[in-house]
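My entries follow in the order in which I looked.

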Amino acid sequence: MKDVARFIDQSIEKLKKEIEGTAIIACSGGVDSTTAAVLVNKAIGERLVTVFVDTGYLRKGESEHVQDLLGNMGLNLHFVDASNEFFKALRGVSEPERKRKIIGNLFIKVFEREAGKVKADTLIQGTIAPDWIESGGALRDTIKSHHNVGGLPEKMKMKLVEPLRDLYKDEVRKVARHLGLEIAEKQPFPGPGLAVRVLGEATRERTGILREACAIVEEEIESAAESGECEIPWQYFAVLLPVKSVGVRGDVRAYGETVVIRAVGSLDGMTASASPLPYQLLERISVHITNTIGEVVRVVYDVTHKPPGTIEWE
Ligand code: XMP
């Protein structure tokens, strides 16, 4: 994509022709889906219904924040709290691909329910190039079933439109910046959310622990970057391992959870390098996590590049 303004104009013209009735989009408030929603909204206005689903696997404060953000952009917003359904569907499930498939399929079900209510006949998705390439498109091996591709298209009764399908992440950010969207610089967040960062069964309780840990990692790294202690990584978060270890609190034995700090530099998510965060910062994160979250007794730092690791752990 050489000319951003031209890409936007052409997309809007194409979308006007492509979409006849009512369209629906699942918007997470992330760069991809928000950019797709705003593009389509420019083409068909109120005929685009923007659905924001709280899966229960969102980050701290995210549900409220995204609702404000999308509402303020003038999108026709429908909020669905489906967290109980998601926690129930993932009960007893710990295999990563099964988790991804279940979440992807349930998402489609929730959408179809909303689409039926508003009689939508077109489904807009914020799929970008790495999503379908890594989901086994283009004759490649399936590395992970990305959420916005998993479960499609067999189960879908709507026409699928993906306005960002040929773009890489840095190109989507350019489009978002050109559209004046504050989310342009937001770090990526996987469609299945915190469920793929809680290794093993992603229960409500374990997700709550991880949510706190992620918030601390974000807060500490962002304040270190603001004060010039380090560069802001491309992506940074916490992972909760399904491994307990022995610790000590006061003079009492504790058998508790293990949290991983993950921070990477990348251009498009296809490859990544572990960020060399300053040791003092890692130490502050560790102390902050173990002081705040009683269940956690151990914090470790992931220094694996992609490949061979992936950015997310599942
Ligand atoms: P991996 O873990 O495959 O992730 O190295 C590459 C980038 O993609 C994000 N990611 C996803 N994004 N749906 C998405 O929209 C997904 O299912 C998904 N899984 C991973 C990940 O956070 C990283 O930025």
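Entry 1, a helix pair. I began with α2 and α7, where α2 passes α7 in a left-handed crossing (left-handed if the near helix is turned anticlockwise from the far one by less than a right angle, right-handed if clockwise; helices are DSSP runs of H or I with at least four residues, strands runs of E with at least two, numbered from the N terminus). I note that this is a predicted model, in which local features need pLDDT of at least 70 and side-chain atom pairs count only at pLDDT 80 or more, while totals for chains, interfaces and linings use all residues. Residues are numbered from 1 along each chain as its sequence is written, and side-chain values use heavy atoms, with hydrogens and water left out.

For α2 and helix α7 (residues 169-178) I find axes that come within 10 Å and cross at roughly 45° (axes are lines fitted to C-alpha atoms, for helices over the stretch in contact, with angles from 0 to 180 degrees between N-to-C directions). The two helices, α2 and α7, are therefore oblique to each other (under 35 degrees is roughly parallel, over 145 roughly antiparallel, 65 to 115 roughly perpendicular, the rest oblique). On the α2 side I list Val31, Asp32 and Thr35, which meet Lys169, Val172, Arg173, Val175 and Ala176 in α7 (contact means heavy atoms within 4.5 Å).

Helix α1 (residues 4-18) packs against helix α2 (residues 31-44) at an angle of about 60°, their axes 8 Å apart, which makes α1 oblique to α2. Here the crossing of α1 past α2 is right-handed.

The chain is divided into domain 1 (4-190) and domain 2 (197-302), with bounds from an automatic or database domain assignment. I read a separation of 27 Å between the C-alpha centres of domain 1 and domain 2, and 25 residues of domain 1 in contact with 20 residues of domain 2.

Which peptide bonds are cis? I find one that joins lysine 306 and proline 307, with omega about -10°, and another from proline 307 to proline 308, with omega near 10°. Proline 307 is found in the segment after β10 (296-301). I also noted lysine 119, which has a positive phi of about 55° although it is not a glycine, and which sits in the loop between α5 (96-118) and β4 (122-124).
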